[in-house]
Amino acid sequence: MEDATRAHHRLDRLPARRRFDEVECTISHLLRLPHPALGGRRYGEALLQGIGSRGIGPGQRGVLEIGGGAGHLAEAAWRGDAGPFTQSRWTSLDLSPALLRAQRRRLLEPSQPGGAHRRWQGLRADAVALPLRTRSFDGLILANEMMADLPAERGRNAGAIELVLEIARVLSSGGAAVLSEFGGDFDPAPIRLLAAFGQGEHLEWSIDFRQLRDAAEGAGLAVEQLPLHELLGADLSVRCASYTDLWRLRRFTSCEVFAAPAEEVRRRHPLLSRLLSLELPLLGSPHWPDATASGGFAQLFRALILRRR
Ligand SMILES: C[S@@+](CC[C@H](N)C(=O)[O-])C[C@H]1O[C@@H](n2cnc3c(N)ncnc32)[C@H](O)[C@@H]1O
């Protein structure tokens, strides 16, 4: 029987904006615009520069992005400075028809700076069955904040482990993969996500990174793990709007779901920021991005770097 979260994404009709503003607001969505905590870079630029600085490049095959969401990483690589990945060939593999449409709109828009992406293609497929030949991929496979969507069963991140094994199958010499997600060295735990009126409701699982490291090493890959903020080179001392702050603000006024710096929020909404006692926490605080969670971006988000030895 098909996993319910997989079916949810396969049949997804929710507009991309509603999905990321209201159902599952990813770190990359909150930092998708140039941000002082990233030295004025967009999340996609900071991530790809961080990956590039570790000696990983696009090879002949470019980037295969799994679960590209609204297409912000591909856009940053085409229109911004993504180190060795700037304007490289980019394939986006996704299960959601709505998100593939949103990516296509964003990337093939000719009036944007840099014009339409001339080296992008979208592919509707499943992360755990990559449509690639064994040992054929010499570039970068990127799965940013998507593994939590893959099924877990009996304390095992079964889907994420399958993805790691697929990556081990398809990477050729020189190829690498970067997988980021929330989790740690603890058992997978479920989290139910939904917007108003239950729209977009689905179950996600935190990642037990011990299981992924074991699977990758068992499949012969070299494994490195680090906090995601380190890979991004993020300044954790910058204060900015958390998702919780934005949710409260948006009950009274309209504003972008973006981790705007604290001074900007106070300048734009002087009265509301005081009346609502907005916290505007440090990026490194356990309250960012979600004041009600047990830990935040700095504590819970990790990146796994896998390379073909
Ligand atoms: C939480 S979003 C993350 C989007 C984006 N990477 C970001 O950082 O904002 C998860 C993405 O993975 C896709 N996805 C979920 N399950 C998938 C699967 N089994 N195969 C391929 N893509 C999947 C979703 O459609 C969506 O694009």
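**Close-up views of a predicted model**

**View 1. Helix α4 meets helix α5.** Gly 44, Glu 45, Leu 47 and Leu 48 of α4 touch His 72, Leu 73, Glu 75, Ala 76 and Ala 77 of α5. Being in contact here means that two residues have their C-beta atoms, placed from the backbone, within 7 Å. Helices (H or I, at least four residues) and strands (E, at least two) are DSSP runs, numbered from the N terminus. Sorted by class, this contact has five nonpolar, two polar and two charged residues. Nonpolar covers Ala, Val, Leu, Ile, Met, Phe, Trp, Tyr, Cys and Pro, charged covers Asp, Glu, Lys and Arg, and the others, Gly among them, are polar. A quick note on the numbers: residues count from 1 along each chain as its sequence is written. And remember that this is a predicted model, where local features need pLDDT of at least 70, side-chain atom pairs count only at pLDDT 80 or more, and totals for chains, interfaces and linings use all residues.

**View 2. How the two helices cross.** The axes of α4 (residues 43–52) and α5 (residues 72–79) come within 8 Å and cross at roughly 75°. That makes α4 roughly perpendicular to α5. Axes are lines fitted to C-alpha atoms, for helices over the stretch in contact, with angles from 0 to 180 degrees between N-to-C directions. Under 35 degrees counts as roughly parallel, over 145 as roughly antiparallel, 65 to 115 as roughly perpendicular, and the rest as oblique.

**View 3. Around the ligand.** The ligand is surrounded by 22 residues, and the closest are Thr 26, Gly 67, Gly 69, Ser 96 and Ala 127. To be near, a residue needs its C-beta atom, placed from the backbone, within 6 Å. Elements giving two or more residues to this shell are α1 (4–10), α3 (27–30) and β2 (90–94). By class, the shell has seven nonpolar, nine polar and six charged residues.

View 4. Domain 1 is 4–236 + 294–308 and domain 2 is 243–275, with bounds from an automatic or database domain assignment. Seven residues of domain 1 and five residues of domain 2 make the contact. On the domain 1 side, those are five nonpolar, one polar and one charged.

View 5. Most residues other than glycine have a negative phi, and most peptide bonds are trans. Gln 87, in the loop between α5 and β2, has a positive phi near 60°. The peptide bond from Trp 288 to Pro 289 is cis, with omega near 10°. Look for Pro 289 in the loop between α12 (270–275) and α13 (297–300).
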